[in-house]
Amino acid sequence: MPTYDNLGTVTVSGSSTTTHTFSGISQSYTDLVVVCHFRPSENTSQTYIQFNSDTSTSSTNYSTISLTSNGSSSVAKQHRNIYGWYPSPGPGIGTATYLMPWVVHINNYKNTNLNKNAVSRFGNASSFSNILTHSWRSTAAITSIKLTQESGYWIAGTTFTIYGLKAS
Amino acid sequence: MTLIGTANLNSGSTTGSTGLTITGIPQTYKDLLIIASLRGQRGGTQDGVGFALNENSSTYSYIGVHFNGGITNQNTNYESFWAGAMQVTENTASAYNNHEIYIPNYTNSFNKSYIQNSIANSAINAGASQISMTCNVYTTNTNAVTSFRLQSATANGLTQYSSVFVYGIN
C-alpha cells in the first residue's frame, strides 16, 4: 500500500468561507489525493478545483466527464473546456443534509511532460453518485490547488484535505 | 497511513449475518480506508456486501453506479446497508471480490457519508460480474465510528479466506 501523507487540511467554520488555496505543495510524491467532505449552503451550486495560477473563470483548460446514476437512470455528462473540475457536471449537486464525499486522485502531478489527469468519485446519497475523469491541459507541475464554492458558502464542518501518495 | 485492524476467516466460514468485525478503532486519525476480499455462501449468482457502521445495519441510504455489461442502478434504501457485490458459491472457485470503502472524517459528529467501490468478477456467469460505486450515508447516527462489520447483505454468511484490512489516514 502507498503511504498517505497529509499535506494540508482545512476545516470550515462560520458561514462565509467560499474559497481555499493549498499552496507550496511538496514535489516529493507520485500522486495527490484531494478529499473533499463538504456541503454548500446553496443546493444548486458546486465546488470546483483549479491549479496553480490558472484560476480565472475565463480559463478553458479544464474538462470533466462523468458517469452518473440518479437511482433510476444512468447518463454520461461532461463539462469540457471550462474553468475548473466539478464533482457533478450539470446544474448542481442536489439536496443534502450531510457532508458529501468527493475523492479526487491526481496522477503524476509533478510530471512536466504530461497534461494532468485525475479520476474521482462523488456521491450524494439523496441525489446521485458519479464516477468521473478530469483533465487539465497544462504540463506544469501542480504546486497549488484552489477550491472555490461557485455561489453561497461552505457550511461549518466542511473539510478539505490534500494527501501525498508515495509508493511503499 | 497505518494498518489499525484486520480480520479474516482463515480458519473457517461464517453463517447468517455473522461476518468480519473490527472493533476498537482508534479515534486518532482523520479518515478510514477499508480494503476487503469477500465471498459469500449464498446460492445463485450473486450476493451483496452488508456494511454495518458501529455494527448497526439500519437507517442507511445510498445511490450507486453499477455496471455488469449494461448499466444498472439501485435506488435508495435497497437492502439498507448494501455496499457492493461479491461472488457466491455458483461462481468461479476461489474468486473473491475486491472491495474498498473510504470514510472521511469518521470521528466527527455529523451523519457519516462514505464512498465504496467493489468489483465482483465471475468467469462462469457474466451476470454475476459487477463493478459498483456507491455513495452511502448512515442517516441517523452521528457517533464516531468505533467499529464496523462486513457481512452477507442477505444473511447467508461469508466463505473461508474472506478478509478485511482497515487503515487509518492522518
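1. Aromatic pairs. Over all chains, the structure holds 15 aromatic pairs. One of them joins A:Tyr83 and A:Tyr86: the ring centres are 6.3 Å apart and the planes stand at 70°, so the pair is edge-to-face. The rule takes rings of Phe, Tyr and Trp (its six-membered ring) with centres within 6.5 Å; planes under 30 degrees apart are stacked, over 60 edge-to-face, and the rest tilted. A:Tyr83 is partly exposed, at 24% relative accessible area. A:Tyr86 is buried, at 4%. (Buried is under 20% relative accessible area, exposed over 50%, partly exposed in between, with a 1.4 Å probe and protein chains only.)

2. Basis. This is a predicted model: local features need pLDDT of at least 70, side-chain atom pairs count only at pLDDT 80 or more, and totals for chains, interfaces and linings use all residues. Residues are numbered from 1 along each chain as its sequence is written, chains are lettered from A and ligands numbered from 1 in the order in which they are written, and side-chain values use heavy atoms, leaving out hydrogens and water.

3. Cluster and charges. One aromatic cluster is formed by A:Phe38, A:Phe122, A:Phe128, A:Trp154 and A:Phe160. A:Phe128 also has the charged end of A:Lys77 over its ring, 5.6 Å from the centre. A:Lys166 lies over the face of A:Tyr29, 5.0 Å from the ring centre. (The test is NZ of Lys or CZ of Arg within 6 Å of the ring centre and within 35 degrees of the ring normal.)

4. Cysteines. There are zero disulfides over all chains; a disulfide is a pair of cysteine sulfur atoms within 2.5 Å. For A:Cys36, the closest cysteine sulfur is in B:Cys135, 13 Å away and too far for a bond. A:Cys36 is buried, at 0% relative accessibility. B:Cys135 is buried too, with a relative accessible area of 0%.

5. Interface. Chain A gives 36 residues to the contact and chain B gives 34, where contact means heavy atoms within 4.5 Å. The two chains bury about 2,700 Å² between them, 66% of it on carbon and sulfur atoms. (Buried area is the accessible area, 1.4 Å probe, that two parts lose on being put together, summed over both.) A:Tyr4, A:Arg121 and A:Ala125 supply 23% of what chain A buries against chain B, more than any other three residues.

6. Salt bridge. The count between chain A and chain B is one. Side chains of A:Arg121 and B:Glu100 meet in a salt bridge at 3.1 Å, N to O. (The cut-off is a side-chain nitrogen of Lys or Arg within 4 Å of a carboxyl oxygen of Asp or Glu.)
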